[in-house]
Amino acid sequence: MKKTELLKSIRLYLFDMDGTLYLGDRLFDFTRELLDTLKATGRRYLFMTNNSSKSVEDYIKKLEKLGIPADKEDFITSSQATAWYLQKHHPGKTLYVCGTRSLQQELQQAGFTVTEDVDKTQCIVMGFDTELTFRKLHDVCYLLSTRRDIPYIATNPDYVCPTEFGSVPDCGSVCDMVFNATGKRPVVIGKPSPLMPELAMERTGFSKGETAVVGDRIYTDVKSGLNAGIAGILVMSGETTREILEASSDKPDLVLEDASEIMMAVRE
């Protein structure tokens with residue numbers, strides 16, 4: 001299928017945000033028009049992010065500041081998916097959360113008790129922690145080393161988070177650091193797991209053939225689409241370089257310079 005035909009066939013676009021629709025606090029010039037065009041042509045979009053440092057409420061405020069109106073139903077996040085996984089597999093457990101206050105609050109709102117007391121901890125949750133301290137790393141390593149069977153969950157596997165100046169370490173990098181100290185790997189919830197695309201399709205009623213993930217990373221965004229059996233579309237406006245693309249064994253269904261090409265295609 002040709003690029004334009006594929007883009008026009010998609011009815012539900014699952015957009016990664018940072019690196020795809022904006023970079024740090026800079027909205028890409030085309031983003032508002034792209035989202036308006038999708039709505040005007042009868043399509044649906046959701047914002048799908050691995051970034052667990054912000055709650056949905058935080059993202060709504062961030063997008064509002066950038067001029068993008070949104071509500072809770074417009075998001076699929078790794079925090080939401082993590083809460084769903086915990087409710088299914090570890091209901092009622094007391095959590096030690098190596099994550100931001102926003103992630104802690106989201107998990108509390110989902111019915112979990114969050115503690116800083118290692119003696120009361122029954123499960124560890126690692127997120128993209130922009131409030132990371134050595135105390136948290138110490139406690140996680142202590143728990144993994146002294147209680148070998150404790151459940152250990154990570155919201156996402158991303159190694160870096162893009163910024164205006166380059167990148168900063170994300171959850172995957174911190175998990176690697178913990179692995180070097182303890183030999184333990186977490187169960188990873190976010191992209192490239194198919195869970196978030198599957199939840200999105202279940203919520204909206206669109207089929208696999210009508211759905212696509214759009215993002216700037218092959219190993220999370222594109223692969224989550226491939227794992228879910230839907231289209232994985234790579235944009236070159238964020239982390240991925242041509243060298244990374246050529247070296248990757250996972251190949252996107254489409255490669256776009258940026259997401260504005262979607263707008264051009266659906267208008268035709």
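**First stop: a buried lysine and its partner**

Select lysine 62, which is buried, with a relative accessible area of 13%. Here buried means under 20% relative accessible area, exposed means over 50%, and partly exposed lies in between, computed with a 1.4 Å probe on protein chains only. The model is predicted, so local features need pLDDT of at least 70 and side-chain atom pairs count only at pLDDT 80 or more, whereas totals for chains, interfaces and linings use all residues. Residues are numbered from 1 along each chain as its sequence is written, and side-chain values use heavy atoms, with hydrogens and water left out.

A salt bridge is counted when a side-chain nitrogen of Lys or Arg is within 4 Å of a carboxyl oxygen of Asp or Glu. Helices (H or I, at least four residues) and strands (E, at least two) are DSSP runs, numbered from the N terminus. Is aspartate 25 buried or exposed? At 58% relative accessibility, aspartate 25 counts as exposed.

**Further salt bridges**

The structure holds 14 salt bridges. Select arginine 101 and glutamate 131 next; their side chains meet in one of them, at 3.6 Å from N to O. Arginine 101 belongs to helix H5 and glutamate 131 to the loop between E8 and helix H6 (134-146), so this pair ties together parts that are 30 residues apart in sequence. Arginine 101 is exposed, at 55% relative accessibility, while glutamate 131 is partly exposed, with a relative accessible area of 27%.

Move on to aspartate 176 and arginine 185, whose side chains meet in a salt bridge of 2.5 Å, N to O. Aspartate 176 is partly exposed, with a relative accessible area of 26%, and arginine 185 counts as partly exposed at 47% relative accessibility. Then select Asp16, Lys191 and Asp221, which are linked in a network of salt bridges.

**Helix H5**

Select residues 101-109, which form helix H5; Ser102, Leu103, Gln104, Glu106 and Leu107 are buried there. What covers these buried residues? The cover includes helix H3 (56-65), helix H4 (78-89), strand E6 (94-98), strand E7 (113-114) and strand E8 (123-126). After H5 comes glycine 111, whose phi is positive, near 105°.

Select residues 231-235, strand E14. Five of its five residues are buried, so the strand is largely enclosed by the rest of the structure. In a regular strand the side chains alternate between the two faces of the sheet. In E14, Ala231, Ile233 and Val235 point one way, and Gly232 and Leu234 the other way.

Show strand E13 (residues 211-215) as well: four bridges join E13 to E14, and the two run parallel. Two strands pair if DSSP finds at least two bridges between them. Valine 214 stands opposite isoleucine 233 in E14. On the other pairing, three bridges join E14 to strand E15 (residues 254-256), again running parallel, and valine 235 has leucine 256 in E15 as its bridge partner.

Now include helix H9 (residues 218-228), which makes a right-handed β-α-β unit with E13 and E14. A crossover is right-handed if, with the strands pointing away from the viewer, the path from the first strand over the helix to the second runs clockwise. Helix H10 (residues 242-247) makes a right-handed β-α-β unit with E14 and E15.

**Cysteines**

Select cysteine 98, which is buried, with a relative accessible area of 1%. How many disulfides are there? The count is zero, where a disulfide is a pair of cysteine sulfur atoms within 2.5 Å. Cysteine 175 is also a buried residue, at 5% relative accessible area; its sulfur is 3.9 Å from the closest cysteine sulfur, in cysteine 171, too far for a bond.

**Last stop: the nonpolar core**

Finally, select Tyr13, Phe15, Leu34, Phe47, Phe75 and Ile262, the residues with the most contacts inside the largest nonpolar core, which has 37 residues. Such a core is a set of buried Ala, Val, Leu, Ile, Met, Phe, Trp, Tyr and Cys residues joined through side-chain atoms within 4.5 Å. A second, separate core of 25 residues includes Leu12, Leu46, Leu95 and Met201.

Note on methods. Contact means heavy atoms within 4.5 Å.
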